[in-house]
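User: I would like to go through a few local features of this model with you. Could we begin once the structure is on screen?

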Amino acid sequence: DEDGYDLWLRYLPLAQTRLKDVEDCVRAFVFGAENPTLTVARDELERAFFAMLVKCVPVREGGGISDGAVLVGTPDSLPVIADLDLSLPELGKEGYRVRSLIHEGKRVTAIAANTDIGVLYGCFAFLRHIQTGGDPARIDISSAPKVELRLLNHWDNLDGSVERGYAGFSIWDWWTLPDYVNRRYIDYARANASIGINGTVLNNVNAAPEILTEAYLAKAARLADIFRPYGLKVFLSVNFASPSALGETATSDPADPAVQAWWKDKASEVYRWIPDFGGFLVKANSEGQPGPGDYDRSHADGANMLADALAPHGGILIWRAFVYASDAGTDRATEALNEFKPLDGTFRNNVLLQVKNGPIDFQPREPFSPIFGQITKTPLVMEFQITKEYLGQATHLAYLGPVFEEVLKFDTHARGPGSTVSEIVKGKTFPHPVTGIAAVANIGTDRDWTGGTFNQANWYVFGRMAWDPDETAAAIAEDWVKMTFTCEPGFVSTVVEMMMRSPETLVNYMMPFGLHHQVATGHHYGPGPWVSELDRPEWNPTYYNRADKDGIGFNRLADGSNAIAQYSPEVQALFADPHALDERYLLWFHHVSWDFPLSSGKTLWQGLAERYDAGVAETARMIDIWDQQRAHVDGQRFAQIRTFLEIQHREAQWWRDACLAYFSAVAQRPLPEGHKQPA
Ligand code: GCU
């Protein structure tokens, strides 16, 4: 497979030097009872070892245990599991333990869990161990997810297009569903299960009311049936005005009994189709979407009505906090917290609030959203974006692991030191009955699913960090590189290093020093720092850069928008002093003069140019690094990545030249030395 379809589940034939060791440990799979999840687990092991060992490994149902047996199951499905020293109870309902043991004098490997889905996750952990070069005879891995709901959000429309999708069309073929099962649905579920993703929102948050009609529920139900053995639950985005938009009620006012009754019936209908349906995701009163505000009701009134309809079925309601629509004078960064803070504590207990990682909108760099730490009585779902809307879309190499990690590790100090965003998402800082983490998917009909091999890493790292938000981006990148390309150590370390540097490189050539939203209008691809004429003030890049003759940056201190006051005093102290803060956030919080002295001794104007140059230089370096890897990568993927790096390098120059030319014009200063005014 040179087209990337197999993602990280490539199962390449093992090197001759490892073959014997692995064969000795994998002579037979022992399964007990059968059910759909254990069947897919068995299929995965058989397929993987057939490919890696280039021979069939027999499958036995119970019976005598011999050397090299791999015992796969729960204490219920395979009773011998109960006799082994595995400490299963502490692993909960999705955790697993994979362990090499001596049992009755035989060398065996156990892949064990309390539930079948835990067993499936354990099989993928075992496979990863083998794929990444682990010792097959000495394994002891136990793991349980730290976050309960680990969700992909597809921004897929019913016409097959994908909002902010850069990998082709939607993989849901609504026309041939529910009858035809495209093999992709199964491979999608396998990929997700392999990284622990356990829920998927099928459709765009800008939701078409039709998703709730019988025809679409039948299609969604078929997908849910396909995904069920893989532990992947289906959720749907719903349009708040669905009942009236579908012509079934006169209004969608949440206080109207007919509207409440409609949603109750609709929820029951959904659960008739999909008995283990996850719940609804709602974007309301945001960017033109309808919502309770249209009827002078609050977000809580709207969310609670839907939550009440779902509650009898055990469903949850995820309400998005992505709102910004008040008067022109308000800093957009402050709006979500201002709107939701007064409502904290008034939501039903099956409501979760889904919050983007930063206060604006998935920018290459943002500080964490102050909702983390300030909203304490409502469970918060972290929303990341895997699709690189603002990070060069399909072609630019930007590994998002470090971006996710930076946010998760940030200490909010909400309940003293150690109240990191990660601790909040895990429900440790403020305990809640349910925890969640979500990300906007980058998946489409492209042969490689994600419009470029390195984009696969972003799907991968999200799943791994959703399972364990404390894992490091570097460790996850290493696994991904080994599984996606090769375990050759020099290649692995070089490529991991390149990936780890990549988001900072992109920040440097696009939006250094905490600049944000400098993108061109609409498509968000390429630079547009000069754009100032859009309808809503907060859509204009000039609103964010505030560049003029005297200086640049957004003053978010007390004498500016005072957005900084939404953070704890400890966090404020980190950002308040422009001479002392981490300069990567300088222009997010401060408006400074072009001559502002940086820690390097340079002026801001010089430093800005330096950052842009450094970003461009690094994109050139990436091409050189990649060229040295030719021997390790198949021709097709090598060439595609090579071409994408060239595009990135060319566009990094475009970003630098366009931004510096604009800033030089408004600053009324010549370009710093060594820069030519572009033609
Ligand atoms: C961004 C994106 C939109 C999307 C919105 C959202 O603004 O550009 O396409 O609808 O986020 O998250 O709802």
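Predicted model: local features only at pLDDT ≥ 70, side-chain atom pairs only at ≥ 80, totals over all residues.

User: Let us take H14 and H15. At roughly what angle do the axes cross?

Analyst: The axes of helix H14, residues 473-484, and helix H15, residues 489-510, cross at roughly 130 degrees. They come within 9 Å of each other.

User: Is the crossing of H14 and H15 left-handed or right-handed?

Analyst: The crossing of H14 and H15 is right-handed.

User: Which residues make the contact?

Analyst: From H14, the contact involves Ala473, Ala474, Ala477, Glu478, Trp480, Val481 and Lys482. H15 contributes Phe491, Val492, Val495, Val496, Met499 and Met500.

User: And how do the residues of that contact divide?

Analyst: In the contact of H14 with H15, eleven residues are nonpolar, two are charged and none is polar.

User: On to H5 and H7. What is the crossing angle there?

Analyst: Helix H5 (residues 214-227) and helix H7 (residues 257-273) have axes that cross at roughly 40 degrees and come within 9 Å. H5 and H7 are therefore oblique to each other, and their crossing is right-handed.

User: Which residues meet in that pair?

Analyst: Glu214, Leu217, Ala218 and Ala221 of H5 meet Glu269, Val270 and Trp273 of H7. The residues of this contact comprise five nonpolar, two charged and no polar.

User: Changing topic: where does asparagine 357 lie?

Analyst: Asparagine 357 is in the loop that runs between strand S12 (351-356) and helix H10 (371-374).

User: Is asparagine 357 buried or exposed?

Analyst: Asparagine 357 has a relative accessible area of 6%, so it counts as buried, the cut-off being under 20%.

User: What does asparagine 357 touch?

Analyst: Leaving aside residues up to four places away in sequence, asparagine 357 touches Phe362, Pro367, Phe368, Ser369, Phe372, Met382, Glu383, Phe384 and Val407.

User: Last one, lysine 20. Where is it placed?

Analyst: Lysine 20 belongs to helix H1, residues 16-25. Its relative accessibility is 52%, so lysine 20 counts as exposed, for which the value must be over 50%.

User: How far is its C-alpha atom from that of leucine 53?

Analyst: The C-alpha atoms of lysine 20 and leucine 53 are separated by 9.1 Å, and the two residues are 33 residues apart along the chain.

Note on methods: Residues numbered from 1 in each chain as written. Heavy atoms only, no water. Helix = DSSP H or I, 4+ residues; strand = E, 2+ residues; numbered from the N terminus. Buried < 20%, exposed > 50% of the residue type's maximum accessible area, 1.4 Å probe, protein only. Contact = heavy atoms within 4.5 Å. Axes fitted to C-alpha atoms, helices over the stretch in contact; angles between N-to-C directions. Left-handed = near helix turned anticlockwise from the far one by under 90°. Nonpolar A, V, L, I, M, F, W, Y, C, P; charged D, E, K, R; others polar. Parallel < 35°, antiparallel > 145°, perpendicular 65-115°, else oblique.
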